[in-house]
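Here is a note for a colleague who is opening this structure for the first time. Please read the points in order, with the model on screen.

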Amino acid sequence: MALSLTVNGDRLASTADPATPLVDILREELHLTGAKPVCREGFCGACMVLIDGKPTPSCLTPAALADGCEIQTVEGLATHGQLNRIQAALDASDAVQCGMCFPGMVVSLTHLLTTRPDATREDIRAALTGNICRCTGYERIIDATLLALATK
Amino acid sequence: MITGSSVQSTPAEAHNAASSIYVAPSLASALDALSECGAAGAVFAGGTWIMRSPIRHEPLRARYVAIGRIAELGAVRIGTDVVEIGAAVTHAALAAALADLPEFDVLAAAAGRSANPAIRAMATIGGNLATPGFAAADCVPALLCLEAEIEVAGRDGRERMKLEHFLKIRSTLAPDRLVTQVVVPRSERKTAHARLPLRKAGDYPVAIVSLSVSVDAAGQVQAARIAVGSVEPVARRWERLETALIGRSLDAEEAARTAAELADEFVGRDGIDAPAWYRVSVLPGLVRRAAATALGA
Amino acid sequence: MSDVSATMDLRRRDAADKLRGRTRYTADRYLPGMLHAAVLRASVPSGRIVRLDTSRAARMPGVRAIVTDADAPGMMGIGIADHPLFARDLIHYDGEPLAAIAATTLAQAQAALAAIEVEIEPLPAALTMADALAPDAPLVHPNWRDYEVLFEGGAREGNVAWEATVVRGDVDAAFARPDVEIVESSFRVGRQNHVALEPRAVVASYEDGRFHIETSTQAPWGIRNATARLLGVPASQVRVTVPPVGGGFGLKFDLGVEPFAALLARASGRPVRLVNSREEEMLTCLFRENADIRIRSAVTREGEIVGREAVVLMDCGAYGGEQIFLTTMTAHTLGGNYRLGSVRLVSRAVYTNTTPNGAFRCCNGVYNTFALERHTDEIAARIGMDPLLFRRRNVLGDKDLGATGQVFQADVLGPMLDRMDTLRDAATMPPGRSDGRLYGRATTVGTWFVFVGPSAATVNMNADGTATLVTSGVEIGSGSMMQALPQIVASTLGIAPESVIVRAADTDAAGYDVGVGGGRTTVSLGAASLSAAQEVRTKLLKVASDMIEAAPEDLVMREGRIEIAGAPGSGRTVTEVATRAQALGGPISGTGAFTGAGVPAMPGCVAGHFIDAIDIPVFAVHDCEVAVDPETGHVEVLNYRVVQDVGRALNPRAIHGQIQGGVVQGLGYALHEEATIGSNGRVCQTGFETYRVPLALDVVPVEISLYEGAPSMGPLGTKGAGEVPILNVGAAVACAVANATGKRVQELPLTPPRVLELLLDRKRDLDLPHIAETWSDNLVRPHKTPQGNA
């Protein structure tokens, strides 16, 4: 039975095994390789996507449960090629290093920006508990988030 | 395709057969499906444990029944005497639902600080209770100290049991049985959840003390329920400590001293994250923190 | 030779695509017809292969190729060629490759692995260095004598893969002096996993009789040469190209998974992708090595270090690898920082039946600095001197001798300590401390170096006014390829840095390079790029001179123009000149090359060393304050300060980012990241549940001061800035925890259980019985010097 997924606004069908992690369908079938399967256990956040608007590790989401959902990947967040607010702030802050964690960071923080407009430095830290970065030491990512929150 | 991988010479156990997932629209359909699947089937709640089977080198079951879209199992019903929590309620939803009920601080803290935000939005209370391999589950000791009862359903009807009993039988629960809800009595009480991850947050706690006390007008402890999680393979009540606290006014330092005297009843489990002795050693401190938090509330 | 400053706060050109998820790392590559590969690995730490039968696996669905030891006849190594691609007859560690399979899908490849029939006769294993150095220890390499020696000079014997020694001055006499205190300290550190978020990954194909390896590496030429060695083909048959790399930290300086994919591509005639799982990364990571250290000093009551001796044991795991080279570094790390009247050091790379270790940011430096700085605090306590004052009196200054007798230039560490005082004094006092925790602070110093070595660069001047920089440099995340290098070329040519196109590494396009690591990108590739750009500049000025009718020495290059100095707007655009030049004599290009100068050491001081002295020393001063929870052993870092010697900062903002990130990686090493080997010889931490890297809540903003002006042979006075920030984090945290608790901190990481063990006095003083009491008894070969003072 084919699964029906809506990814970044496109309706797509997949014949993957229903227990296949969504991240593998995104990457291997749809070639949307923004989401990274770094740990496959929900600790690192690099495979985060928005499922019906909610940040969700796509490594722990079986295809069957993504069926019929509205999925937004990092590739879908910069509409018309324009970086969104958090992407622009991270760029302006020279926050990016190797970049592997940033698709997940961007997804988590895009959600934070819309749901927690009054987030403090500590709130942002706590919100990133499930997003591992190995390069930057986090502070610039937090600075950029505060910058994005301040530029409404 | 599931792309876990292996360093073993027999790596493919998780990849041999395709698994099916039936997304049940109703409780009745879920129970029917579980009954049909028999031993080949299992309940799929949040998925945060099952989807990590390849990481643990465990095979996936052939058939899963997903319960996340059953409305009845996804609700928190706050009544005058009890709070009923559907088995598919996520940690995040539970913490939000209990935010304004101080008597449930322990459970709100357990649900609201476990793992990380995205996992809390997926992992369910039912999954937390029904996973025998997960010794560090936050909600289990929290619910123990709240004297929760567990409702288990099958096609032939529902039964309710104390959480303590459920923990004993959960690994032998018939495959067609489904945890449907958790029922927690309401009462005047002060509660607190003291958990100790090795970092500030984001890991499983190496020890947990969940505490609930009822105090009379004179400040004396009338009833005390303390549960310890992650220290042993299964969370349990600390009855000797509870008894020692009754009839006295709750004092965090004194509670910690008493806990230190009684802590040798715990054996502790050795893990990669922490040795057995450490989990036991930190208990008095966690008791003090829990008592202080409860008193502050 | 440039008219505009190379100092800029240029943003990274790769950031926008990385933020949009468009960047394709190696693990994201997908070629038409591509097969997927998986590797069968041994599940015992030591054994003999009795039977390995792939015939049943070959018939499994989707299988296109299987390769084994028979397909890879060569041996690789650093110093000693001890390492085959697949286990050859003997298994040396749990996780050692036995065979590799390519199939249409990854699931098919993995299923086929299970169909390989393997029979292994287990053999006794040496899992620890104490096991390996025991008198009756099983030999990890029974035939160690037969291995090809690639670099002469190291002493070897049995499980001692390599031994390097330093002897300068009469240490015995120093220790025999009546006016000295003898202070002895012992230390042990565990392994650290890089946790590069992109695992080691490769896509290989075989075209026109050559291998094309697209891989996530820091060292494309290293991969080219090592792959060729293992496969037994000429190195010219291997082409390596490198997409953006998702984190390296040293992990990807060495060969990883490339030859498996190369062999499978040749065997199947199809492109093959191989990506390590996180578990494979955790279990077979080329970890920062665990080490055991004993250090002893003879110090006068006035605080003069008249003699120092040390034994450093470095666990290289099953194969020598980087550790053989890194035995060299002890002289400059443990033997660094301070003026020593006399010194003798031995560092030994020890074989064990465990997964091979490798290179990790400030290899060898982090734990030797931890040991040295804790030892320094123990000395200061013994002689009753303030530890900061002791450091101030003893840090290396102008014309002081290093351990190997090299002469250091300029006072750097002293002024850096002053700078740290200023930073610390300016800080606001933390709020009240009545929470029952134990507070402590420490300031530590560290010595590191830039690993200079050959680099090549070509700059092609395009007629449209842009320049293309062609090197074998790799962007691993540090930004050197995105910021420092285009800045250097742009300032030389007076064009915008955005007009400098940076070619991704391709061994078919650019000349040899050692690799990105060791803080060498800005220095070595930078120097080669500068020299290439200068050649272009000279050629352009010559053409412009005719066009403008002014002498070349009167011309300046700025803002995309070549003008007469002092007359803005005069002259021509670079585009016009480049176009004219192309029409006249063909396109302009320039080439540059660089390698280290080879600073001399004192003759006879060193034996078994790969380098005798450090060309570009780099110094760091770190200061931190911690609070220790006496109930749980949790250490919280309250604040952290860094004064770092950068020579010259070309992009201060980028360097700040490197320092914040490096310090946090060091905090992981100091406090959280524990990797242990179980009694089965396997690494216990298989994923992120048990291997804990710092998260956003665990870090603090690092207060940073860049110290500029120290001498450097680097281009424009630069030194590498990205590697060194991790250097003394373990030291600073350990010293602060020791100060807070009054306990003797001898081990890292300081996880809550380890700290509570110290606080509860559950832990006995560290005993290292496998380090002999008498220094010379630790040597397999006496240190020979012209003076004969060993």
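The points below go from the single chains to their interfaces and then to two residues.

1. Conventions. This is a predicted model, in which local features need pLDDT of at least 70 and side-chain atom pairs count only at pLDDT 80 or more, while totals for chains, interfaces and linings use all residues. Residues are numbered from 1 along each chain as its sequence is written, chains are lettered from A and ligands numbered from 1 in the order in which they are written, and side-chain values use heavy atoms, with hydrogens and water left out.

2. Chain A by itself. Chain A has six helices and five strands, where helices (H or I, at least four residues) and strands (E, at least two) are DSSP runs numbered from the N terminus. Read from the N terminus on, the order of its elements is β-β-α-β-β-α-β-α-α-α-α. The C-alpha trace of chain A spans about 45 × 30 × 25 Å along its principal axes. Its radius of gyration is 15 Å, which agrees with the value near 15 Å that a compact globule of 152 residues would have; the radius is taken over C-alpha atoms, and the globule rule is 2.2 Å times the number of residues to the power 0.38. Of the 152 residues in chain A, 68% are buried, a word that stands for under 20% relative accessible area, with exposed meaning over 50% and partly exposed in between (1.4 Å probe, protein chains only).

3. Chain B by itself. Chain B comes to eleven helices and twelve strands. Its radius of gyration, 20 Å, is close to the 19 Å that the globule rule gives for 297 residues, so chain B is as compact as a globular protein of that length. The C-alpha trace of chain B spans about 60 × 45 × 30 Å along its principal axes, and 59% of the 297 residues count as buried. Among contacts (heavy atoms within 4.5 Å) in chain B between residues at least 6 apart in sequence, 61% join residues at least 24 apart.

4. The interface of chain A and chain C. Here 44 residues of chain A are in contact with 53 residues of chain C, and about 4,100 Å² is buried between the two chains, 57% of it on carbon and sulfur atoms. Buried area is the accessible area (1.4 Å probe) that two parts lose on being put together, summed over both. A:D94, A:Q97 and A:R134 supply 19% of the area that chain A buries against chain C, more than any other three residues. The rule finds five salt bridges across this interface, a salt bridge being a side-chain nitrogen of Lys or Arg within 4 Å of a carboxyl oxygen of Asp or Glu. The side chains of C:R273 and A:E28 meet in a salt bridge, at 2.8 Å from N to O.

5. The interface of chain B and chain C. In this case 34 residues of chain B are in contact with 37 residues of chain C, and the buried area is about 3,200 Å², of which carbon and sulfur atoms give 59%. The count of salt bridges between chain B and chain C is five, and the side chains of C:D629 and B:R289 meet in a salt bridge at 2.7 Å, N to O. The elements that give two or more residues to the side of chain B that touches chain C are α10 (276–281) and α11 (283–296) of chain B.

6. C:Y25 lies in the loop between α1 (15–20) and β1 (35–41) of chain C, and C:Y25 is buried, with a relative accessible area of 2%. Which residues does C:Y25 contact, leaving aside its neighbours within four places in sequence? They include A:K36, A:C98, A:G99 and A:M100 of chain A, as well as C:K18 and C:E198 of chain C. The backbone oxygen of A:C98 lies 2.6 Å from a polar atom of the side chain of C:Y25, and the backbone nitrogen of A:M100 lies 3.4 Å from a polar atom of that side chain.

7. B:E151, a second residue. B:E151 is found in strand β6 (residues 149–154) of chain B and is buried, with a relative accessible area of 9%. The side chain of B:E151 makes a polar contact with the side chain of B:T180 at 2.7 Å; a polar contact is a pair of N or O atoms within 3.5 Å, and within protein one must be able to donate a hydrogen and the other to accept it, with residues adjacent in sequence counting only if both atoms are side-chain atoms.
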